[in-house]
Amino acid sequence: GLSTQPIWRKLWDDVMKTRPPNSESITCWRKKFLETFFSNVLHGVLDVSSDWRLNDRHFSPLLHSSPHVSQLTLCNMLQGAVELTAEHNHKVLENLAGSLQILKFQHLLSCDQSIRRSLVLLLHRLIHHGSVSQVSMYSWPVPDTVLLVLILTMSAGFWHSGNAFAYHSSQCGLCREEDKAQSQESAQEEAERGCTAEQEGSSGENQKRSPKEADAPVNSVLPDPRSPPLQNPACEETSSEVPCGHTSIQGGSSPPSSSEQLSCHPIPRKTRRRLKPAVGRKRRCLRRSRGRYADPEDLYDFVFTVARENNSGLLDKTRTTEEENTENWTSFSPGSPCTGHAGCKQRGGPAGIRSLKAAHRFRSVSTLELFSIPLTGDTCRTLSNLLSSWVSLENLVLSYNGLNANISCILSGLQALSRHPECRFRVLRVSDVFSHMPCMELVRCILSALPQLHTLSVSFDLKNQLEGSKPEANPICGKAEIPESCLEVLEIRFPREPLHTEFLLPVLKASKSLQQLSLDSATLPCPQELGLLLEVLKECTPHLKKLSFHDMNLAEHQKEVLLLLQDPGLQEITFSFCRLFESSTAEFLSEIINTVKRNSSLKSLKVPGNRLGNHRLVALADIFSEDSSSSLCQLDVSSNCIKPDGLLEFTKKLEGHIQQRGGQRPFTHLRLFQNWLDQDAETAQEALRRLKAVCSVVNDAWDSSQAFADYISVM
């Protein structure tokens, strides 16, 4: 029953000799220490020989800590990948395959072929045969296209077995075991089918069937060339997230020949086995199926392309005529993988592009995050084509990638993905410096293409449009109404655009399930606009629970603020840096307090950055008085120019209300970030000590003088 947290905290001080970042938020020091220890040893930051407890030839730091590592970051020249795939770290890699959930890449640099080989082996083991569910890439100002496409492709579950990579899947022990098991199952099924066929032949049942029924098995294998293209019947049975067109059928023997790749003959149902889901478990490799979808409408018959770059090692320039003939090039249409359109700078085509049909399909990740990585038109087309069949993908984050009009290319791939019955895609977050089109227009486009989204976040810093210019036509966006969506969370950060309720109205009408709405940095074109918005919200979003306004001037909208605070449906309201009290009177503050006291449904009130000051903070304590029916349990007053003496007076008043209520604690969480508590450390410590006996307090050691100097310097 004794906690070991203090021991691990002391070990951190003794071994790491650094102050851990965000130490207040660390819940398990054992996990934090072992993960950081593994990473520091792997990257050479920590010298184990410097500590007598670690300097033991029988002790392997990586092996000891690897079972406790759930996230790992690889940097620069990928030295960590080379080390982990070395023969002496085989057991370390096996441990990581079972424990690692999140794989991050940061500040990557170009690397040679040998390092890429190590990376291929690492990704194959950790993703295709492991438990990694999230791949994140950060800060890559000039990305190496070969390396970037390699990581994206393998995260999507593809692996080329040709000349692109030196290691064939046959060198993977797990793949060999799977092949062996498949061969044995295939032989057993062939024997069972032989016995079944003998019994059916002797039963005479064929004589009772009509000629049409008797020919059915033959017709299923040899379709009439005049008939429409057939769809593989195995797809009707399978529950796998991996499409039939890119996976093997368990019980198959060997990879198909080029002639088999062209075949659209379905295999009889008896030879098919139900595939297990490929996501969320350590699934063995699957070979490609013998059959191909011939239906041109099938998502997985589209071409998966990898754009040529001058230094690309992924492209095989020695493709044979037969390989070129087997590739199916399609022109762009909304909902299909992108091959070039108005939003792309160059049109895709056969020249210099290699199909991913030659790749094996394995387990893939469910979350992909790309932060501060410029994506060219070619890379966007590649990503779009990967996305179109990435059925395990649930979350996609694209942040500061310079997409501009190429967002249409990404949307086309996601739209194709959304039409797949096994699609799990639910969360899309897009942020960038420039917006090539109005935010509400982009939101409408995304929801039109992806009505199954549960969370959508769109954020831009600046408008990219010159005065009087118009954005390019978007092939995804039509003039049709937005279909009814499953949207539950909508976050929009406007690049100082005016908020026109008439543009937001169709989005809200289509989002009947909306529970959380966040509007950031929008301007209100007229005084009536916020009132119109509240009317629309009341009419169209009956399930709305959380509403947030950030960096919007609400100083002249006191009536609307009070209406929001008395809304019985809202449980959390945020007015962040909205200048609420810039020109307000004492009556307005009193009305706020009385309104919140009467609202029994409001659970959380956040008012950071609104110039509360000491006297307004003390007045807010009356929300929790004896005659209050408020259920407020969270209060955020960060960045409100609160000084230690004001906080102490607020605490004393709060204690008095608690005594009047018979010791009942009115609320549980108080946030005090970035206030002027450093001006009188002794008073601040007393106030915090007494507050922590009443509720959970979250604050920071903020240097107000330095912050003020920084503020003056940028004025």
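I count a residue as buried when its relative accessible area is under 20%. The model I am reading is predicted.

**Helix H16**

I looked up H16 first. H16 covers residues 407–418.

How many of the 12 residues of H16 are buried? I find 11 of the 12, so H16 is largely enclosed by the rest of the structure. Among the buried ones I noted Ile407, Cys409, Leu411, Gly413 and Leu417. They pack against helices H15 (377–387) and H17 (439–449), and against strands E9 (395–399) and E10 (427–435).

**Helix H23**

Next I turned to H23, residues 644–660. Its 17 residues should span 24 Å at 1.5 Å each; I read 25 Å between the end C-alpha atoms, which agrees. Buried residues here include Pro644, Leu648, Phe650, Leu654 and Ile658. The buried residues of H23 pack against helix H22 (613–620), strand E18 (669–671) and helix H24 (681–692). Just after H23, I noted Gly662 with a positive phi of about 70°.

**H23 against H24**

How do the axes of H23 and H24 cross, and at what angle? They come within 8 Å and cross at roughly 25°. Angles under 35 degrees count as roughly parallel, so I class H23 and H24 as roughly parallel to each other. Their crossing is left-handed. On the H23 side, the contact includes Leu647, Thr651 and Glu655; on the H24 side, it includes Ala684, Leu688 and Arg690. I sorted the contact residues into 9 nonpolar, 2 polar and 5 charged.

Note on methods. Residues numbered from 1 in each chain as written. Predicted model: local features only at pLDDT ≥ 70, side-chain atom pairs only at ≥ 80, totals over all residues. Heavy atoms only, no water. Helix = DSSP H or I, 4+ residues; strand = E, 2+ residues; numbered from the N terminus. Expected span 1.5 Å × (residues − 1). Buried < 20%, exposed > 50% of the residue type's maximum accessible area, 1.4 Å probe, protein only. Contact = heavy atoms within 4.5 Å. Axes fitted to C-alpha atoms, helices over the stretch in contact; angles between N-to-C directions. Parallel < 35°, antiparallel > 145°, perpendicular 65-115°, else oblique. Left-handed = near helix turned anticlockwise from the far one by under 90°. Nonpolar A, V, L, I, M, F, W, Y, C, P; charged D, E, K, R; others polar.
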